[in-house]
Amino acid sequence: MCGIVGYVGKKAALPILMNGLRRLEYRGYDSAGVAIVGESLRIVRSVGKIQSLDDRLFGEKMIGFMGIAHTRWATHGVPSEANAHPHTDCRGNIALVHNGIIENYRELKEQLESAGHAFRSETDTEALVHLIEHLLKYPGTTLADAVRSAVRRVRGTYGIAVVRAEEPGRVVVARLGSPIVIGVGGGELFVASDANAIIGHTRRVIFLDDGEMAVLGLDGYQISSLDNLPIAKEPEDLEWTAEAAQKNGYPHFMMKEMSEQPEVLRNTMRGRLNAKNGNAVLGGLRDVADQAREIDRLIVVGCGSAYYAAQVGEYMLEEYAGIPVEVELASEFRYRKPIITSRTAVIAVSQSGETADTLAAIREAKMKGALTLGIVNAVGSTIARETDAGVYSHAGPEIGVASTKAYLSQVTVFALLTLFFGRQRQMSLSTGKRIAKELVRLPELVTSLLERTNEYRAVAQRYAWAEDFLYMGRKYCAPAAFEGALKLKELSYVHAEGYAAGEMKHGPIALIDEGFPSMVLCPVDSVYEKTKSNVEEIRARRGKVIAITTEGNNEMSRLADDVLYLPKTLEMLVPVLMAVPLQLFAYHAAVLRGFDPDMPRNLAKSVTVE
Ligand code: F6R
């Protein structure tokens, strides 16, 4: 999604802004631009990669100590130079970058055009900069006054940064529904939509809340409400380091992040497992522990991989904690009429903590009186702040667009929650201890799977011809199959369908022939015999099968065309292990097909618009 960077200080702004834009590249974008306020306001924009913006900057006099920059992911209007941000007013004195959507831009545009404003782009954003220009006509109005009045007339969502030639040394920012973080350095201030853009400069940050704006200058920052009431906020320290967001010699962020998974699992569980009591100690839930004991139903909301992690969680929680769980796509939950009582808890699962649908779902749940909990990776993100309590997944920054380590950490948090809710209810000490003991083994088991990457690559090579794939599994492996199919389709653009294996005969079997291979997840578990029958049925129709089963199960090598093995673990934890070969298969398939797995086409890392 779109990204914002801004700077005001005593250093040349351009290199800081360009570096920030590069650090936002992972989010997905199709054009970029930068505005510098020096002797005058200068703007350069370009379609395509940051490198083409860099090329366009050659020979341009972009000298100044203050500026804003943007990466755009097209929503209103095609990717073009005219539609790229920053947008300017009629006289080219104000520059504005915007994330989000201005829903009433058509009516604003009509009014402004009839007042004489000339529009140059197809974007919703341009209406906002002309509106600011219009409001500045009133004598004595500052940029901050005009921004405040303008955003109050806007319907929709925004994270904006605005500069004006006549007010050098001031950047005005505002937020409603799209993140803005201020970085506080020594005598300099940064602004970004994502802390990754500025983390190399400072780890002291302030997250703006919805309905807040700030004026940043050489003399410091002032935060206020849209009613112009001052708001006191102190910077907090970010735990993430700049190094964590580098490739460190790996060919892709995705490979680096998959390799980090054993460490991520350790971080997710660190200090949280009480092996002696077979329980999980979740500091983030301490304040709501008594309320949690009274909860009689859980609803879990998320999107994409987070939604699949939640489905694994549903199986765990129902089997071991005996608590009814419903998992819902956040995008559906917000429009349905969910039944929520005072004993319902709604859990939002989100890596970014900014996904628009998940955030909307949690707001809806809160309004209806539910206890809201978050399983969030990005510390300080909106979902983390708006939920009543929660558990950070501690995966660290995830730059690759496809969720890998974040998904694994989410599934692991569900295992911890299963202990937490289970031990509050019916789960015995011995069951709790057994799960805790097995959880501790996961990092080393994941390491052993990562070491087999060449095997996964070889299999990916053997199926490089396939344009379609069916992924199947039962029980815990049904959501694992959905997640595996999502990885393949988003990275390699191979059409992949994830199915619960029991559904095969109800439709998808019609697809099977020698040109339509299947990935069958069939560990030796309580449903192994059933899934084995699926393998036989596919083979009877000359379909090719890659089977993923448990080490020591030799019969699969007779039944399937290719077999990959997983070490033994508890059935409920198999999805953690299963994710690794599926991720690596999808990764290698993408690379073999010539695609960049870090930046799949049309995708954005954090979907902050609906
Ligand atoms: C898939 C993927 C997406 C995200 C989804 C939710 O690999 O990354 O499906 O899982 O967009 O994002 P978060 O977790 O940030 O809410």
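Predicted model: local features only at pLDDT ≥ 70, side-chain atom pairs only at ≥ 80, totals over all residues.
**Aromatic pairs and a helix contact**

Biologist: How many aromatic pairs does the structure hold?

Modeller: There are 10 aromatic pairs in the structure. In one of them, Y493 and F595 have ring centres 4.4 Å apart and planes at 50°, so this pair is classed as tilted.

Biologist: And what parts does that pair tie together?

Modeller: Y493 belongs to the loop between helix 16 (477–492) and strand 24 (495–500), while F595 is in the segment after helix 19 (574–592), so the pair links parts that are 102 residues apart in sequence.

Biologist: What lies over the face of Y493?

Modeller: That is R601, placed at 3.8 Å from the ring centre of Y493.

Biologist: Which residues form one aromatic cluster?

Modeller: The cluster is formed by Y463, W465, F469, Y471 and F585.

Biologist: Switching to helices, are helix 7 and helix 14 roughly parallel or antiparallel to each other?

Modeller: The axes of helix 7 (residues 261–269) and helix 14 (residues 429–450) come within 8 Å and cross at roughly 170°, and the two helices are therefore roughly antiparallel. Residues making the contact include L265 and M269 of helix 7, along with L439, L442 and V446 of helix 14.

Biologist: Last one, what does UniProt list for residues 2–219?

Modeller: An unreviewed UniProt entry lists that span as "domain: Glutamine amidotransferase type-2". In the model, residues 2–219 are 23% helix and 31% strand, with the end C-alpha atoms 29 Å apart.

Technical notes. Residues numbered from 1 in each chain as written. Heavy atoms only, no water. UniProt positions renumbered as here; feature names shortened; annotations may be inferred. Helix = DSSP H or I, 4+ residues; strand = E, 2+ residues; numbered from the N terminus. Phe/Tyr/Trp six-rings, centres within 6.5 Å; stacked < 30°, edge-to-face > 60°. Lys NZ or Arg CZ within 6 Å of the ring centre and 35° of its normal. Axes fitted to C-alpha atoms, helices over the stretch in contact; angles between N-to-C directions. Parallel < 35°, antiparallel > 145°, perpendicular 65-115°, else oblique. Contact = heavy atoms within 4.5 Å.
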